Amino acid sequence: MDFQAMKASLEWQIACGADEAILDAPVDRTARPKAVEPPRRPPARDAEPETDAVAAARTAATAAGDLATLRAAMEAYGHCDLKRGAKQLVFSDGNANARVMIVGEAPGRDEDIEGRPFVGRAGKLLDLMFSHIGLFRTESDSEKALYIANVLPWRPPQNRDPKPEEMEMMLPFLERHVELVEPDLIVAMGNHACLALLGQRGITKLRGKWKTALGKPTLPMFHPAYLLRTPEAKRETWADLLSLKERLRA
Ligand code: URA
């Protein structure tokens with residue numbers, strides 16, 4: 001290496017911070033590394049025992065005697081991180097006296113902004129689908145009305161899928177929601193609703209087959225967002241809507 005190249009190399013090392021050839025004290029590089037001390041935990045505070053998120057949800061949900069109290073309990077629940085990323089809680093929409101309760105997955109962007117479930121494109125399709133069998137979320141007559149809620153009340157970031165632990169911790173609230181509304185029939189909209197309510201996934205096989213969830217006859221159906229992507233599945237959905245209409249008549 002010529003002088004200029006060596007000088008440039010040294011200047012480069014100095015610029016990188018390597019400006020000392022030796023340290024003040026010798027370093028024994030053959031010695032065993034010292035055991036790394038575990039990070040110190042902050043001292044436990046007396047008044048705050050470890051809380052189990054699911055147990056806390058169950059306690060709060062069970063204590064709610066009506067929908068307004070349930071909503072307030074969900075607003076106050078601090079264990080679900082989704083709450084921090086969402087604009088607001090999306091509790092429900094429609095008529096709480098409806099015979100039919102629809103359970104969806106989680107709010108998307110539009111729902112997060114408006115604070116009501118199913119108000120985006122999928123929601124418009126949902127309204128259209130149910131209007132064909134004479135059911136509406138704006139209807140005051142319970143026979144013709146719909147009530148709508150979601151498994152998760154907060155929008156997951158970038159509309160990602162709900163995580164199992166998020167669904168698990170919010171399930172006690174959904175269960176209490178159904179108990180308080182007491183619908184005659186439930187519609188489980190899509191895979192995540194089926195997983196939460198029935199413990200089963202695989203909507204293609206489940207759809208159209210009546211099941212029981214939380215003691216209520218429950219019909220799994222394709223999610224309207226799926227129908228937007230897969231219009232050919234509307235044929236099966238039409239059959240499911242007719243099955244729902246029939247069941248309401250029975
Ligand atoms: N999809 C859902 O499952 N729920 C909503 O509220 C909106 C879109």
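**Figure 1. Leu214 sits in the loop between β5 (211-213) and β6.** This is a predicted model. Phi of Leu214 is near 50°. That is a positive value in a residue other than glycine. The side of the story told by accessibility is brief: Leu214 is partly exposed, with a relative accessible area of 38%.

**Figure 2. Gln158 occupies the loop between β3 and α7.** Here, too, phi is positive, at about 50° for Gln158. Gln158 is not a glycine. Is Gln158 buried or exposed? Its relative accessibility is 72%, so Gln158 counts as exposed; the cut-off for that class is over 50%.

**Figure 3. The largest pocket has a volume of about 670 Å³.** Its lining is made up of 27 residues. Glu105, Ala106, His223, Ala225 and Arg229 lie nearest the centre of the pocket. By residue class, the lining holds 11 nonpolar, eight polar and eight charged residues.

Figure 4. Which helix gives the most? The answer is α10, with four residues.

**Figure 5. The buried residues of α6 line one face of the helix.** Ala122, Gly123, Leu125, Leu126, Met129 and Phe130 are buried in α6. Viewed down the axis of α6, these buried residues fall within an arc of 160°, so they line one face. As a rule, an α-helix has 3.6 residues a turn, so residues three or four places apart point the same way. The face of α6 turned away from the buried side carries Arg121 and Lys124, both exposed.

**Figure 6. Strands and helices cover the buried residues of α6.** The strands in this cover include β2 (100-104), β3, β4 (185-189) and β6 (216-221). The helices include α10 and α11 (234-249).

**Figure 7. The largest cavity has a volume of about 60 Å³.** The count comes to one cavity of 30 Å³ or more. Lining residues include Met74, Val90, Phe91, Ala149, Asn150 and Val151. Pro153, Met170, Phe173, Leu174 and His177 also line the cavity. What is the make-up of this lining, by nonpolar, polar and charged residues? Nine are nonpolar, two are polar and none is charged.

**Figure 8. Strand β3 and helix α7 each supply at least two residues of the lining of the largest cavity.** β3 spans 146-150, and α7 spans 164-181. The largest share comes from α7, with four residues. Strand β3 is also among the elements that cover the buried residues of α6.

**Figure 9. His177 lies in helix α7 and lines the largest cavity.** At 3% relative accessibility, His177 counts as buried, because buried means under 20%. Which residues does His177 touch, leaving aside those up to four places away in sequence? They are Leu67, Leu70, Phe91, Ser92, Met101, Tyr147 and Ala149. Phe91 and Ala149 also line the largest cavity.

Note on methods. Residues are numbered from 1 along each chain as its sequence is written. This is a predicted model: local features need pLDDT of at least 70, side-chain atom pairs count only at pLDDT 80 or more; totals for chains, interfaces and linings use all residues. Side-chain values use heavy atoms; hydrogens and water are left out. On a 1 Å grid over the protein atoms alone, a cavity is a set of points where a 1.4 Å probe fits but cannot get out, and a pocket is an open set with protein on both sides within 12 Å along at least five of seven lines; lining residues have an atom within 4 Å of a point. Grid points are joined across faces, edges and corners, and a volume is the space filled by probe spheres set on the points. Ala, Val, Leu, Ile, Met, Phe, Trp, Tyr, Cys and Pro count as nonpolar, Asp, Glu, Lys and Arg as charged, and the others, Gly among them, as polar. Buried means under 20% relative accessible area, exposed over 50%, partly exposed in between (1.4 Å probe, protein chains only). The arc is that of the directions from the helix axis to the C-beta atoms. Contact means heavy atoms within 4.5 Å.
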